[in-house]
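Please keep the sequence and the model in view while reading.

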Amino acid sequence: MNKILEVRNLSKIYGPGCPLCLESTGPEADTNLCPHCGSVVAIHDVSFDLFEGEILGVMGESGSGKSTVVKNLYFDQAPSSGEAIFYDRDKQHDLFALNAAQQRWLRNHRFGMVYQNPHLGLNFNISAGGNIAERLLMSDLMDYGAIRERAKALLARTEVLLSRVDDLPKNFSGGMQQRVQIAKALATQPPLLFLDEVTTGLDLSVQARILDLILEIQQELKTAMVVVTHDLGVIRLLTGRAIVMKYGRVIEAGLTDQILEDPQHAYTQRLVASAL
Amino acid sequence: MNAFSHAQSGNAYNFGFLDEYAKKEVRRAILKAIAIPGYQVPYASREMPMGRGFGTGGLQLTLSLIGPEEILKVIDQGSDDSVNAVNLRHFIEMTCPGVSTTTKTTECTLIQSRHRIPELPLTSNQIVVLQVPYPDPLVVVEPSEDKRKTMHGEADYSRLLVKLYEDIVKFDEITISHRYPTRINGHYVIDPSPIPRWDVPKLNASAALILFGAGREKKIYAVPPHTKAEPLAFSDVPFRVEDFRDEHGHRRACTRCGCTDSFLDEFAADSGSKTYQCSDSDWCDEQMLLARQTEGEPA
C-alpha cells in the first residue's frame, strides 16, 4: 500500500504560548489551557500516516482537538509547528511549506472537505448545482455543458433528487445539505477527503444512508479519508484504523477493532465503556 | 513649475486645477496601472469641486494627463451634450486655459467618457479615460477587500464564474448587461465600468490606451494598447453582444441616421411606441453627413 499522507508532530497553540505551556497541559494535567499564559494548546505532537484508500478515524471528546487536525491539513488554519507530506501520484508536497496559491490549488484539486455545519462547506445563496460548479470551475473546467453534466451525475450519485439541482441548499433538509456537501467535495475526484463530524445532528436513518454512501464511495473511488467524529458507531463502521485524542494529544492509536475491544488508555476505556 | 503654471493660467488655480504633486501621484499610479494590466492601483483621490460619483476619478486622470496641446472630447453615455459631459467640459476649459475641446472623435487626442467607448475605432495617439463607480468585479461575491486582493493575486475568479453559471441555469444566457467582467492579459479580471457589452470587444487589442479612474473608491487601472481583453464566458456558451433585433429578427436601424451597426438607445414616446437612435451622437452626425454626401454625388 502506498502512503498518501504523513503527518509529523503537528501542533497548534492559540495565544502567545510560553515555555511551560506543553508540560502544564495535556491529559495528565487534565486541561488544554495553559495556567501560566492562558494559551490554548489545541493540538500538540500529533503524528499519523494515511494510506491510499484507507479510512482513518480521529475520535475524542469535544475540545480534544480533532477538528483542529483536519482544519490544519485542509489549510483552514496554519499550524504552529509540524510537518505534513502529501504524496500525490509520483509527487510529494510538503503541505505547510507551500505558498498560498499552491495550497489553494491542492485544496481545490486534490483535497475534499465535508464540514459538520453545511454553512461552512456550501454557499447557501447559490443553487446546489452552482455549489458543485464552483468547485469544478476552481479546477479550471470551463465548459458549461460538461459542468452541468458532472454536477447532475454527482448529485445523482449522492442521492439528491435531480429535480432539485437548481434549488438553493437553504431549502434542503439537513441530510440533503450534507449529501450536497459530499457531492461538492467529490467533484474533482480527490484522492484525499476530510470528513468532520458529517453525521452529527442527523437522525439515525439519514445517518445510516450517509455512512453507506461514504463507504460506497471509498470502495468505488479508493479515496483515502480522515474521519473526525465522537460517535464510536461511526468509527466502528467506517474506519480501519483510529487515533484517540484528549486535550490535544494522541493518547492511543491502532486498529479500530483493537481500540474498541481492548482499549489500553484509561480514558479510552471509559469512552468505550460509556458508549457500549 | 507652480509659478509658471499660475502665470500662464492667469487665475488663482494651477493649470488643471490639481497641484503638480497631485498630478504627479496620479501619473505614477497610471504608469503602474499600465505596467500591470488590469491591476487596481490605489491612489490618493483628491477632493474635487463636485460630488464623488460624478466622475471625479475620470476627471483627475484627465486633469493629470492634459496639456495645452491636447484636444479633448467629453462624452456621457455617448453624447457630447448631456449635462454631465457639458459641465465637465466647462470645468476643464476653465481650469486648463489653452486646451481645445471638440465633439469629433476623429480630432480628439483625449476622451473622457462615462458608460461608452466611441463607435469609431480609436487610434494609437488617443487615450480614453473612463469614469468608474465600482472598480472591483469581485465585490458582488466577496465583501472583504482583503480577501478580494488575495483572490485577484491568485487569479481566483471561480465565484464570479459561478454567477455566470447561475445566470445560464435561470435564464438560458448570461444576463449581465453592463460592467461585464473582463480578463486582461490573461490574469486580472476588471470591471470595465458600466459600458454596455457592445463596447467590451473594443477593449481587446485596442490601439488606444484605455484608463479607468474610480474617484470614490480611489483606484486606477488600465488596459494598455494591444493588450488581450477577454470577457469571462464558458467555452460552449460564448460571450455575445447586444443584437438589437426586432420581433421579426431584423436588425433595428437608427431612426436618425439609418445606421445598422452601432449601439442603439431606446426612446419611449408618449404613445407607447419605441424609437431607436445611435447612442454615440458624434457617430450619428458623421453617418448623416456621409449619407448626405453620397446623396449629393449623383446630382
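## The seven-stranded sheet of chain B

In this predicted model, chain B holds an open sheet of seven strands with mixed pairing, in the order S1-S9-S8-S5-S4-S2-S3. Strand S1 (41–42) and strand S3 (100–101) of chain B stand at the edges; each has a single partner strand, so one side of each lacks a neighbour in the sheet. Strands of a sheet pair through backbone hydrogen bonds, and the pairing is either parallel or antiparallel.

Helix H2 (residues 20–35) of chain B touches S1, strand S8 (209–214) and strand S9 (219–223) of chain B, and its direction makes about 45° with that of S9(B). Helix H3 (residues 56–65) of chain B touches strand S4 (110–114), strand S5 (127–131), S8 and S9 of chain B, and its direction makes about 150° with that of S5(B).

## The three-stranded sheet of chain B

Chain B also has an open sheet of three strands, ordered S7-S6-S10, in which the pairing is antiparallel. Strand S7 (189–190) and strand S10 (229–231) of chain B are its edge strands, each pairing on one side only. Strand S6 (residues 182–184) of chain B runs antiparallel to S7(B), and two bridges join them. Within this pair, Arg183(B) has Val189(B) in S7(B) as its bridge partner.

## A buried proline

Where is Pro137(B) placed? Pro137(B) belongs to the loop between S5 and helix H5 (145–153) of chain B. Pro137(B) counts as buried because 24 other C-beta atoms lie within 10 Å, and the cut-off for a buried residue is 20 or more.

Apart from its neighbours within four places in sequence, Pro137(B) is in contact with Leu160(B), Pro181(B), Val189(B), Ile190(B) and Asp191(B). Among these contacts, Val189(B) is also the bridge partner of Arg183(B). Between Pro137(B) and Gly58(B) there are 18 Å in space, C-alpha to C-alpha, and the two are 79 residues apart in sequence.

## The two domains of chain B

Chain B is divided into domain 1 (2–231) and domain 2 (243–299). Taken over C-alpha atoms, the centres of domain 1 and domain 2 of chain B are separated by 28 Å. In the contact, domain 1 of chain B takes part with 14 residues and domain 2 of chain B with seven residues. The side of domain 1 of chain B that touches domain 2 of chain B has four nonpolar, five polar and five charged residues.

Helix H8 (residues 281–296) of chain B has 16 residues and spans 23 Å from its first C-alpha to its last, close to the 22 Å expected at 1.5 Å a residue. Ser281(B), Asp282(B), Trp283(B), Cys284(B) and Gln287(B) are buried in H8(B). Strand S12 (274–278) of chain B is what the buried residues of H8(B) pack against.

In chain A, strand S1 (residues 3–14) and strand S4 (residues 81–88) run antiparallel and are joined by five bridges. Ser11(A) is opposite Ser81(A) in S4(A). S4(A) also pairs in the antiparallel sense with strand S5 (residues 91–94) of chain A, over four bridges, and Phe86(A) stands opposite His93(A) in S5(A). S4(A) and S5(A) form a hairpin with two residues between them, and Arg89(A) in the turn has a positive phi of about 50°.

Helix H6 (residues 174–186) of chain A has 13 residues and reaches 18 Å from first to last C-alpha, close to the 18 Å expected at 1.5 Å a residue. How many of the 13 residues of H6(A) are buried? Eleven are buried, and H6(A) is mostly covered. The buried residues include Met176(A), Val180(A), Ile182(A) and Leu186(A). Among the elements that cover the buried residues of H6(A) are strand S6 (111–114), helix H5 (144–157) and helix H7 (204–221) of chain A.

## Where the chains meet

Between the chains, 15 residues of chain B are in contact with 17 residues of chain A. Helix H6 (residues 158–171) of chain B gives the most to the side of chain B that touches chain A, with eight residues. By class, that side of chain B consists of seven nonpolar, three polar and five charged residues.

How values were computed:
Residues are numbered from 1 along each chain as its sequence is written. Chains are lettered from A and ligands numbered from 1 in the order in which they are written. This is a predicted model: local features need pLDDT of at least 70, side-chain atom pairs count only at pLDDT 80 or more; totals for chains, interfaces and linings use all residues. Two residues are in contact if their C-beta atoms, placed from the backbone, lie within 7 Å. Ala, Val, Leu, Ile, Met, Phe, Trp, Tyr, Cys and Pro count as nonpolar, Asp, Glu, Lys and Arg as charged, and the others, Gly among them, as polar. Two strands pair if DSSP finds at least two bridges between them. Axes are lines fitted to C-alpha atoms, for helices over the stretch in contact, and angles run from 0 to 180 degrees between N-to-C directions. Domain bounds come from an automatic or database domain assignment. The expected span of a helix is 1.5 Å times one less than its number of residues. A residue is buried if 20 or more other C-beta atoms lie within 10 Å of its own, exposed if 12 or fewer, and partly exposed in between; C-beta atoms are placed from the backbone.
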